[in-house]
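Trainee: Please pick one part of this model and go through it closely, then say how the rest is arranged around it.

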Amino acid sequence: MELERRSQWLRGVLDLCVLGVLAHRESYGYELIQSLHVAGLDGIQGGTLYPVLLRLQRGGQVAAHWREGGSGPARKYYRITPEGAETLRRSAADWEAFAGGVSAILREVAAR
Amino acid sequence: MRHDTWLDALAGELRRHGVAAETAGNVLAETAAHLWESGDDPLRAFGPPQAYAATVADSVRLEPPPRRAPGGPVRLEVLGITKRYGRRTVLREVNLTVRAGEVAAVVGANGSGKSTFLGICAGLVSPDRGEVRVHGALGYCPQGGGTSDFLVPDEHFLLVGAGRGMSRAGARDSGRAGAAALDWDPRGGTQARHLSGGTRQKLNLVMAGLGDPDVLLLDEPYQGFDQGSYLDFWQQVRRWRDVGKAIVVVTHLLNTRDGVDIVLDLTPRSEVRA
Amino acid sequence: MRKTLVVAEMALREIARRRGVLAILLIFPLAFYLSRRDSHAGQSIRFVCLGIGWAMSTAALFAGSAARAVEPRLRLSGYRSGHLYLGRLAALWTVGLLLSAPYYVLIRIDQEHIRYGAIGLIMLLTVAVAAPFGLALSAALPRELEGMLVLLIVVGLQMMMDPASSASRLLPFWFSREIGTYAVDHTDGGYLTRGVIHAMVCLAALLAVVAVASGYRLRQRSHLRFVARR
């Protein structure tokens, strides 16, 4: 996949994907990367993820607290806030509409 | 790159970008934990410390920057300054008012009289017309020069400090603190003539701020600074602003993020293209 | 007072680090002395004093020129022009006296039948006059090169002109020849008196030039007014 375009796409949706993962349960940075990988978004680096988490935290979409790690350094756990859940709900609906249109155009190409 | 070298560099860069200490601490802890757990190479996972710190600073900054409260009492009044060299009018009826806690940038093309204007404000050059009023004490940093070739930095601090009525120890400590803010250690007894151009300008800048003047006039003082020192310089300007000084900076590089309140453009009106 | 002392201290440190200037101060008078040692006693003494005067003036010229870069900002830092030139003069005089002392000892040992007290007086007065002379040149002339040329002319004239002519009294070190005659040739006290008066007049005049030139260069310009802060 073309890297330049992929990073553009990612820039648009990564915050929503993070909110989507956190909607299930709270998580910390490294674990989030693994979850995203499992879901199909692989190759996300720490340098890309953490600034997104900072922005979400600053915007009130997520809240964070520290928890002692069992065998290792303390971890900063993020959980989704009511505002974040609301943003996620609205954006998910917007995405359905948006992606639907794009898919319709591109499906024809893939089929040919 | 080893983890702790990279993390140290990140810590320094975060400080340079003005990230609050507590936030920076959190970021560093989280980043260190991630590296510990993932075993990633920091350069691969996060990139060079300078770039990552810039991204973090951007993410952390509240936007838009809160509109600053109106400034305090007037500290510098410049009224109707006109200056001619022969038949060429370099400055025509220039006015400027700077209050405590404000930063003014003086911009303009080469030869538009920026340095002359600052020299007039500092009382080193006489205008043909107009007047300047300074409320309090004045500090001035020229574009170059202003240092004594055969003296070491500490001696410069003592000299300026004595003029401002500071004790020897007070002047020396104040000078060293000012130098530290610009990422420079002035101990070591190097004579000014042996300092590099950028370091000499740091000395110049520290001397200008010594003794807590109320008004600071800085003529492109960052000549020869590397990128990091340039950021440090604007950090220092913001710190001075936050303690209520009035600062005028002559510059031809203006970054909208630098937090400037007033812009005085000295480009002659006839040359401004629509 | 404290400001003047700080200026003097820094000026001394500066001179101490200028090896070239120190070398001139030490070696030139010696070279002058040795060049005339074998002739009449008065010549060598006359020459060494002239050498001290010239070396001292040169040192003062360089010190004054080097100071010009810093002086405006020192003025802004709270010094008055008086602190600056008096402090520099104090440093130069100190250096001059310290460097003349060995020459006084040299003459005491090397020469006989001389009024040593008068020689000491010449050296004292030479140092006293040479320092403001050099500073006056640096204040009046924009570059060191022009100051050096003037010094060369003055020293040259001093050596060539007949001290009896009235024109030669315009030269700043004329007193050195006059008192020298008193010391070496054991003449009457008139020579001493005339010499001392000439030195005093030159000293006063040169100090005035330094004061006026410094005061003008570092003047508080009329367009800038300081107001007490609120």
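**The core and chain C**

Mentor: The largest nonpolar core holds 123 residues, and B:V248, C:A59 and C:A60 have the most contacts inside it. A nonpolar core here is a set of buried Ala, Val, Leu, Ile, Met, Phe, Trp, Tyr and Cys residues joined through C-beta atoms within 7 Å. Buried requires 20 or more other C-beta atoms within 10 Å of the residue's own, exposed means 12 or fewer, and partly exposed lies in between, with C-beta atoms placed from the backbone. The model is predicted: local features need pLDDT of at least 70 and side-chain atom pairs count only at pLDDT 80 or more, while totals for chains, interfaces and linings use all residues. Residues are numbered from 1 along each chain as its sequence is written, and chains are lettered from A and ligands numbered from 1 in the order in which they are written.

Helix α3 (residues 41-67) of chain C gives this core its largest share, 16 residues. Helices (H or I, at least four residues) and strands (E, at least two) are DSSP runs numbered from the N terminus. Neighbours within four places in sequence aside, C:A59 is in contact with C:I15, C:V21, C:I24, C:L25, C:L92, C:V95 and C:G134; contact means that C-beta atoms, placed from the backbone, lie within 7 Å. Another core, of 31 residues, lies apart from the largest one and includes A:L53, A:L54, B:L14 and B:V60.

Now chain C as a whole. Chain C has nine helices and one strand, in the sequence order α-α-α-α-α-α-α-α-α-β. Its radius of gyration, taken over C-alpha atoms, is 19 Å, close to the 17 Å of the globule rule for 230 residues, so chain C is as compact as a globular protein of that length. That rule is 2.2 Å times the number of residues to the power 0.38. Along the principal axes, the C-alpha atoms of chain C fill a box of roughly 70 × 35 × 30 Å. Of its 230 residues, 46% count as buried. Among contacts in chain C between residues at least 6 apart in sequence, 76% join residues at least 24 apart.

As for its partners, two pairs of chains are in contact, and chains B and C share the most contacts. Chains A and C have no contact between them, and their closest C-alpha atoms are 40 Å apart.

The contact of chain B with chain A takes 18 residues from chain B and 15 residues from chain A. On the chain B side, α2(B) gives the most, eight residues, and the classes are nine nonpolar, six polar and three charged residues.

Methods:
Nonpolar A, V, L, I, M, F, W, Y, C, P; charged D, E, K, R; others polar.
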